[in-house]
Structures are given as C-alpha cells and as structure tokens.
Amino acid sequence: MTGHTIALAAKLVSGFTVRWIGSEPDTRQRVYFANHTSHLDAVVLWSCLPKTLRQLTRPVAAQDYWGCSSFRRFLAQSFNAILIDRKQIKVHQSPVDVMMREIGDMYSLIVFPEGSRASDGEMGEFKSGLYYLAKKRPDLELIPVYMDNLNRILPRGEFMPVPLLSSITVGHPIFLEPGEPKSEFLSRASKAVKVLKER
C-alpha cells in the first residue's frame, strides 16, 4: 500500500475539507500542530496536504498504537511516521531529540501537543514538546491546525472507522518570541488552534 493509496482511503473515510487561512501550502520546513481526538488524526492531516508536501512531511505518532501490529507498522511506514515510544523517554533521548534527528534540514513535522487524545472533544493543555521544538529550531514555521469531527469517525475504544464528514482548518504561522516563557508560548499556541474552531 503506497502513501497515495493511504491518502485516498483517508479522504474516503473522513470526507475532509481543507481551508488554508493565513498560510498556503509550501515546501519550506514547518511544524504543523493540531488538536488530538482520534488515532486517525495523524494520517488524515498528512493526507490533506498536497502530494509534494506529503513527501516532505512526517507525522509524529505513538509507537504503542502504530507499532503494536505488523499491519499498523506497515501503514506507519507508508506515511513515513516518526514513532515515539512514550514509555521509554530518556533525558538523552527525548522525543524532541528524535524528531530533530529525523527531520534534518528536509522534512516538516505533524505533532499533537496535547500528547494524548481528548476524550470529551475539548482540548487539553499543551505539553512542553512544542516549546522545545521551537527553541531548538526557531527557523521553523509553526502552523496551527484545527481538526473537527475526527473523534466521531474513530471514537476511543473502537477499531473500525465510521465514514463521516470532517473539516481541517490551517491557520497563520507563529514563532517563539525571544525570551518568551514556556507557559506563555504554550498558551498562545493553544489559543492559535482554538480560534480556528470558530473560523
């Protein structure tokens, strides 16, 4: 199964529509950061990008889900995911270090700063990973994304997706300001995603 086939399947299941507000598809290195409600989030957000961008963008996903069977590992390889082992996080091998190594000076990232899926549809607090990504690579554009209705397509605890319509809104890029405290940056990043819900 190729990445193109996965993209078509994701479109069929999610019926997504995409709106770019304040930014346009671009091959420059970016970090797309989005709300997280479904295991499908990574593959659907990746699939909504134009083909040229998909080839240069790597979703970050949980190894305990995408690596737990040969089929899921195969799917993850097909959309070039970076699998993070959340149970083996070490000081000298942090997820941010892994991401920086894997993207080099070529790939963009898709990340979900909440870390785990929201069970009630409401966004949780952002973990510090996005802040440290921005601190290590201040040149990267940070692009907020709001994904709507993905939680109903593959609810928590379910294994088979239910085809529904979903929407993806891509917003204005943000950057870490010089000297900006971590808590203020994460709050600002979270608001940048939330405001897209009303657009």
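Visitor: Which residue in β5 does Y32 stand opposite?
Guide: First, a word on what you're looking at: it's a predicted model, where local features need pLDDT of at least 70 and side-chain atom pairs count only at pLDDT 80 or more, while totals for chains, interfaces and linings use all residues. Residues are numbered from 1 along each chain as its sequence is written, and side-chain values use heavy atoms, with hydrogens and water left out. Strand β2 (residues 30-34) and β5 pair in the parallel sense over 3 bridges (two strands pair if DSSP finds at least two bridges between them). In β5, the residue opposite Y32 is I110.

Visitor: And which residue in β5 is the bridge partner of T57?
Guide: T57 belongs to strand β3 (residues 57-62), which runs parallel to β5 and is joined to it by 3 bridges. The bridge partner of T57 in β5 is S108.

Visitor: Are the two faces of β5 covered or open?
Guide: In a regular strand, side chains alternate between the two faces of the sheet. In β5 (residues 108-111), S108 and I110 are on one side and L109 and V111 on the other. All four are buried, meaning under 20% relative accessible area, with over 50% called exposed and anything in between partly exposed (1.4 Å probe, protein chains only). Both faces are therefore, by that definition of buried, covered.

Visitor: How many strands form the sheet, and in what order?
Guide: Overall, the chain has 9 helices and 7 strands (DSSP runs numbered from the N terminus: H or I of at least four residues for helices, E of at least two for strands). The sheet is open and its pairing is mixed. Its edge strands, β1 (17-20) and β4, each pair on one side only. There are 7 strands, in the order β1-β7-β6-β2-β5-β3-β4.

Visitor: What do the buried residues of α6 pack against?
Guide: Helix α6 covers residues 95-103, and its buried residues are P95, V96, V98, M99, M100 and I103. Here contact means heavy atoms within 4.5 Å. These buried residues pack against β3, β4 (82-84), β5 and α7 (129-136).

Visitor: How do α6 and α7 lie relative to each other: parallel or oblique?
Guide: Their axes come within 10 Å and cross at roughly 45°; axes are lines fitted to C-alpha atoms, for helices over the stretch in contact, with angles from 0 to 180 degrees between N-to-C directions. Under 35 degrees counts as roughly parallel, over 145 as roughly antiparallel, 65 to 115 as roughly perpendicular, and the rest as oblique. So α6 and α7 are oblique.

Visitor: Which residues of α7 make the contact with α6?
Guide: From α6, the contact is made by V96, D97, M99 and M100. On the α7 side, the residues are G129, Y132, L133 and K136.

Visitor: Why does N80 count as partly exposed?
Guide: N80 sits in the loop between α5 (70-78) and β4. Though not a glycine, N80 has a positive phi of about 60°. N80 counts as partly exposed because its relative accessibility is 28%.
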